[in-house]
Amino acid sequence: MDLEKGKKPSEQATACKIMQLKEKFITLQPVLRASVFLATAVAAVIMGLNKQSYTTVVAIVGTKPVTQTFTAQFKDTPAFVFFVIANAIVSGYNLVVMVMRRLMQRRAQSLIVHLLDMVILTLLATGSATAASMAQLGKNGNLHARWNPICDKFGSFCNRGGIALVSSFIGVALMLALNLLSAASNSSRSNVSGQ
């Protein structure tokens, strides 16, 4: 009967393989989404709680040293604030999608989630990149602008910030993989339904 409609048996096998691949993509998406949620939530919490104080002698009056306490915290730098907000939004979004995914089975809703995933990926990547640029500045300074590095004085702050950055970039990579799987899943649906 398929030969009468012009379909060859190899086309049927290809369509069957595409359907099986689509099912694998769909089952892998919740795992990736949960991993993105964990990575971005960890990044937001670590950076949000990141704070360190450093006390140094600034002058000596007579025989008494005058000390000054300096504090480094994430909210001192707008790039780190954006980083925390972006990671919190991404983790919240992924949590909502994981809960709502059971209700969304239609193709139109899947396409909306895919489009929102791309927007969220962009938000996460920009938040991570801006924080990474500030972290590089804090670690190495800028000799031309005469900005001294601070990581020699605030080592724990920089180390915790580095952990948050690594966690966020893992989230970026996982979100990218999720976008690719979602695109492949949506693409295979349209190919199979078009045959």
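This report describes the fold, the helices and one surface patch of a predicted protein model.

Residues are numbered from 1 along each chain as its sequence is written.

**Overall fold**

The protein has 4 helices and 2 strands, in the order α-β-β-α-α-α from the N terminus. Helices (H or I, at least four residues) and strands (E, at least two) are DSSP runs, numbered from the N terminus. Of its 195 residues, 31% are buried (under 20% relative accessible area; exposed is over 50% and partly exposed in between, with a 1.4 Å probe and protein chains only). Contact means heavy atoms within 4.5 Å; among contacts between residues at least 6 apart in sequence, 75% join residues at least 24 apart. The accessible surface (Shrake-Rupley method, 1.4 Å probe, for residues only the protein chains shown counting as cover) is about 11900 Å², with 66% belonging to carbon and sulfur atoms.

**Annotated segments**

The unreviewed UniProt entry gives the annotation "transmembrane region" to residues 31–49, 79–99, 111–135 and 162–181. UniProt positions are in the numbering used here, feature names are shortened, and annotations may be inferred rather than shown by experiment. Two of these segments are set out below.

| Residues | Helix | Strand | Distance between end C-alpha atoms |
|---|---|---|---|
| 111–135 | 100% helix | 0% strand | 36 Å |
| 162–181 | 100% helix | 0% strand | 29 Å |

**Helix 2**

Helix 2 covers residues 78–100, and its 23 residues should span 33 Å at 1.5 Å a residue; the end C-alpha atoms are 32 Å apart, which agrees. The expected span is 1.5 Å times one less than the number of residues. Buried residues of helix 2 include Phe80, Phe83, Asn87, Tyr93 and Val97.

Met100 is also in helix 2 and counts as partly exposed, at 35% relative accessibility. Together with Leu95, Val96, Val99 and Leu103, Met100 makes a nonpolar surface patch of about 470 Å². Patches are made of residues with over 30% relative accessible area and no salt bridge, like charges being joined within 9 Å and nonpolar side chains (Val, Leu, Ile, Met, Phe, Trp, Tyr) within 5 Å. A salt bridge is a side-chain nitrogen of Lys or Arg within 4 Å of a carboxyl oxygen of Asp or Glu.

**Asp117**

Asp117 lies in helix 3, residues 107–140, and is buried, with a relative accessible area of 0%. Leaving aside residues up to four places away in sequence, Asp117 touches Arg33, Tyr93, Met175, Leu178 and Asn179.

Key
Predicted model: local features only at pLDDT ≥ 70, side-chain atom pairs only at ≥ 80, totals over all residues. Heavy atoms only, no water.
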